[in-house]
Amino acid sequence: MVLNSGETTTFARIKQIEAMITFTLCLLALVAGYFIYGRFVERIFGPDGRKTPALTHTDGVDYIPMPTWKIFMIQFLNIAGLGPIFGAIMGAKFGTASYLWIVLGSIFAGAVHDYLSGMLSMRHDGASLPELIGRYLGVTTKQVMRAFTVILMVLVGAVFVAGPAGLLAKLTPDVLDTTFWIVVVFLYYILATMLPIDKIIGKVYPIFAFALLFMAVGILVMLYVHHPALPELWQGLQNTHPNAEDLPIFPIMFVSIACGAISGFHATQSPLMARCMKSERHGRPVFYGAMITEGIVALIWAAAATCFFHEHGMGETNAAVIVDAVTKDWLGTVGGVLAVLGVIAAPITSGDTAFRSARLIVADFLGMEQRTIRRRLYICVPMFLAAIGLLLYSLRDAAGFDLIWRYFAWANQTLSVFTLWAVTVYLVRVKGGRAFCLTFFPAMFMTAVCTTYICVAPEGIGLPPAWSPYIAVAALVAAGAWFGVWYSKHKTIV
């Protein structure tokens, strides 16, 4: 049978639409996950009408009641750093498996992790993450997590500077180079960390969040306009990474796509908003909803990166170059600038709240009030000096930045492991029954991911990648046995 030109065009259009079935289903699954599984998780936790820390501990600096829509925008921007964009772009090299991890990770791991850690913070007077972990995993673990979390926050502040500074340098005259913008960003960090949360963060974050959402919606629309040939589930889950032999999907992809599926960093940000919320019933849209929104952003950028790799090959490793090329090509000059501004805002605003979280963690540990600027300076000055040192090291060459980024990625996911186990203990002790399954299975999985990664990664022990499955099984057996022994002694409600 011979098709005429009109029939040929229609047939080609149908084939193009078919090429986005997996992407479309993944997008719909994320939305459905918020309304179905999010409501299920909310019902198990049981938010009620008790007064929140924002109302009982108002201090004009960190405990300040704020509108729910503004809290959502701030939470979304806090957690949407480089991870859901740069991480998703690099994760897209692994093929269709990246889509599944973004969707399943966001719904069943990341959003649950963010919601329950945020709600627990609200229940415990806005307690920072190490204090929550210590409450349920013991004093020794709390002390370790205090140091570990502060180090992670400083790493975030360091690695989230170079990327946006480089993009800003591209958008401005040559005299305003990357070094100039690094200095500007650090000055902004100092102000945002020191001032009350409603002075800078509460005013400019909603604007930045709009830019980031504009970017995501714009790229999403253009995906359906272009209808690129995206990978489909029925084509298999094979590893399409150019270095597949050295970089197996498990565990490398699960660490590369960090913030777009689950991230321990998020649990350090949730207490910031837990100290500003006026009702526990706002927890699902703020905590669970922000993570699902971030998952959607990650899914969109994974698809856009797939298009870029299809046209230009997978040789490009600088995610900023891919972002710049895709936005300008698809959204034009003006739209591209707005989109890039969203990408710039995301890491900068995650960096400043990282330092703010670190300040509060140290303040909780030392029992130091934060009403006076002098007390805040005592904590902030050493942190900024450490971050500047790490930044100078990372800027020596690409290898320095990559090394710090990989350590950040692993530390980020490892923190999520401790958070998930702490929440699991809470669910066993307080909720009883099988409620602990909400976080037990994600905790087991992420334990295997982080253990395996540090064993096979070049910056870790450096064992052969072929050992990954055996290391993962050993980690699962050890974690399962530990939990089984503990559970047999503590399964009654206290």
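Helix axes are lines fitted to C-alpha atoms, for helices over the stretch in contact. The legends below describe close-up views of a predicted model.

**View 1. Crossing of helices H7 and H12.** Helix H7 spans residues 97-123 and helix H12 residues 249-256; their axes come within 11 Å and cross at roughly 55°. This angle makes H7 oblique to H12, and the crossing of the two helices is right-handed.

**View 2. Residues in the contact of H7 with H12.** From H7, the contact is made by Ala 97, Ser 98 and Trp 101, and from H12 by Ile 249, Met 253 and Phe 254. By class, the residues of this contact are five nonpolar, one polar and no charged.

**View 3. The aromatic pair of Tyr 37 and Phe 108.** The structure holds 30 aromatic pairs. In the pair of Tyr 37 and Phe 108, the ring centres are 4.7 Å apart and the planes stand at 65°, so the pair is edge-to-face, the cut-off for that class being over 60 degrees. Tyr 37 belongs to helix H3 (residues 37-45) and Phe 108 to helix H7, so the pair ties together parts that are 71 residues apart in sequence. Tyr 37 counts as buried, with a relative accessibility of 18%, whereas Phe 108 is partly exposed, with a relative accessible area of 37%.

**View 4. A cluster of aromatic residues linked by ring pairs.** The cluster includes the tryptophans Trp 421, Trp 482 and Trp 486.

Key:
Residues numbered from 1 in each chain as written. Predicted model: local features only at pLDDT ≥ 70, side-chain atom pairs only at ≥ 80, totals over all residues. Heavy atoms only, no water. Axes fitted to C-alpha atoms, helices over the stretch in contact; angles between N-to-C directions. Helix = DSSP H or I, 4+ residues; strand = E, 2+ residues; numbered from the N terminus. Parallel < 35°, antiparallel > 145°, perpendicular 65-115°, else oblique. Left-handed = near helix turned anticlockwise from the far one by under 90°. Contact = heavy atoms within 4.5 Å. Nonpolar A, V, L, I, M, F, W, Y, C, P; charged D, E, K, R; others polar. Phe/Tyr/Trp six-rings, centres within 6.5 Å; stacked < 30°, edge-to-face > 60°. Buried < 20%, exposed > 50% of the residue type's maximum accessible area, 1.4 Å probe, protein only.
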